[in-house]
Amino acid sequence: MSGADDRAFMAQAIALGARGLGRVWPNPAVGCVIVNEGRIVGRGWTADGGRPHAEPQALGQAGVLARGATAYVSLEPCAHHGKTPPCVDALIAAGVARVVTALEDPDPRVAGGGHALLRDAGIVVETGLMQAEARAVQKGFLSRVTLGRPMLTLKLATSLDGRIATASGESRWITGPEARRRTHLMRACHDAVLIGAGTARADDPGLTVRGLGVTGQPVRIVAARGLDLPRDGQLARTATEVPLWLLHGPDAAAAARSHWSALGARLIEVPLADGGLDMRAAFQVLGALGLTRVFCEGGGALAAALIRAGLADELALFTSGLALGSDARPGVGALGLDTLAGAGRYRLEELCPVGGDVLSRWSRM
C-alpha cells in the first residue's frame, strides 16, 4: 500500500475521532479504520461517554475481514484494563497484520506499551503518521494527561475596537446569527462551557447547545467567588437537567453553598490568588475531574484572569463591523502589562467570514 493511501486512511481515522469531541471525556476522541486489500471494511470512533472505544467498534464491523488487514488508529491503542478490555487484545485476537498510528499515548498506563504488545504479537506497527493533525484533535486529552488540566478555548465576540458591550452593558447582539450558530457548534465540541459571575448576572445565559440536534450537553461552569448568582435564572432552573459546576472561593457563605447544592449544582472550592479565584488551581481540579476541553465565553475580567494565568491555549475571536468607543466594555480586562515583551503571542490558524462577521482563530505560540 502506498504512502498516499496510508495518509488518506489515517486522515479518515482522525476525522472519525473528531466526531467524539465534547462527548467522550475523560477519554480521548479516537478514530479507527480497518482496511483489507485497499478496501475499508470497518470504521469506528470513541462512543459518547468514552465507551466503547474506536477499535472494537471498527473490528466489529470488519468481522472476519479484519484478519490480515491494516488498522489505522489516530492514537496508540490502550494496553490497560479499565472498564473495557485493552484494545490491543482485540486487535491481536482479530488477526490484523499491521497497525498504523498517529500518536503515542502519553498516559502512563499506555505510553508505548500498546505498540510493544502489538509488536510482540508479530504485528507490524508504524507510528507517527499525520502526527500534527492528530495532535490538534487530541490537544485537550494531551493537556489533561501531561499538564493536569484541560485545554482552554477563549471565545470573544467584539466590535471592531475590541468591545463586548456598551457602557450601559448592552451586548445583544454585537455579532450576527451566523456567528451565534457557529458558537453553538464550538460549544458542542467542548466538554464544558465556562463564564464568570458577571456574565451570569448580566445575561442570564442557559449555556446549552441549541439548534444542532445534538444529544447531551457540555458541563456548564461558572466562576463565582461568592456564589452571588441569580437564584431564579436559567442556570438555577436547569441545574438538575444539565450539569452545573460552580467554582467558588473559601469565603463563600454557607447559606449560598447550601442553596446551590440543594438545586443540584456541584460546588468546587478553589483557593484565591491576586484578589480572585486562583484559575490555575481551578483548572487542575477540572482536569482531575476528567475534563479535557473547556470553552470560555467571558466576560472581560475572566478573560484577563485566564490570559494572565497562561491558560488560554486558543482564541476564537468573532469581530463585527461596528465600533463602540473607549467608554464601552473591553473584551479583555486589565492585564497589567508594562512592556510588549510581557504579552503572550498567538499564531493565526484561521481567518474566515461568518455571515457579516469575521472569525479569527489563534493558538498560543
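Visitor: Over how many bridges do strand E1 and E2 pair?
Guide: In this predicted model, with residues numbered from 1 along each chain as its sequence is written, local features need pLDDT of at least 70, side-chain atom pairs count only at pLDDT 80 or more, and totals for chains, interfaces and linings use all residues. Side-chain values use heavy atoms, without hydrogens and water. Helices (H or I, at least four residues) and strands (E, at least two) are DSSP runs numbered from the N terminus, and two strands pair if DSSP finds at least two bridges between them. Strand E1, residues 31-36, runs antiparallel to E2, with Cys 32 bridged to Gly 44 of E2, and the number of bridges is six.

Visitor: Which strands lie at the edges of the sheet?
Guide: The sheet is open, has mixed pairing, and places its five strands in the order E2-E1-E3-E4-E5. An edge strand pairs on one side only, which applies to E2 (39-45) and E5 (124-127).

Visitor: What angle does the direction of helix H4 make with that of E5?
Guide: Helix H4, residues 113-120, packs on the sheet and touches (heavy atoms within 4.5 Å) both E4 (98-101) and E5. Axes are lines fitted to C-alpha atoms, for helices over the stretch in contact, with angles from 0 to 180 degrees between N-to-C directions. The angle is about 150°.

Visitor: Why do the buried residues of helix H3 lie on the same side?
Guide: In H3 (residues 87-94), Cys 87, Val 88, Leu 91 and Ala 94 are buried, that is, under 20% relative accessible area with a 1.4 Å probe, protein chains only. They lie on the same side of H3 because the arc they cover around the axis, taken from the directions to the C-beta atoms, is only 130°.

How values were computed. Buried < 20%, exposed > 50% of the residue type's maximum accessible area, 1.4 Å probe, protein only.
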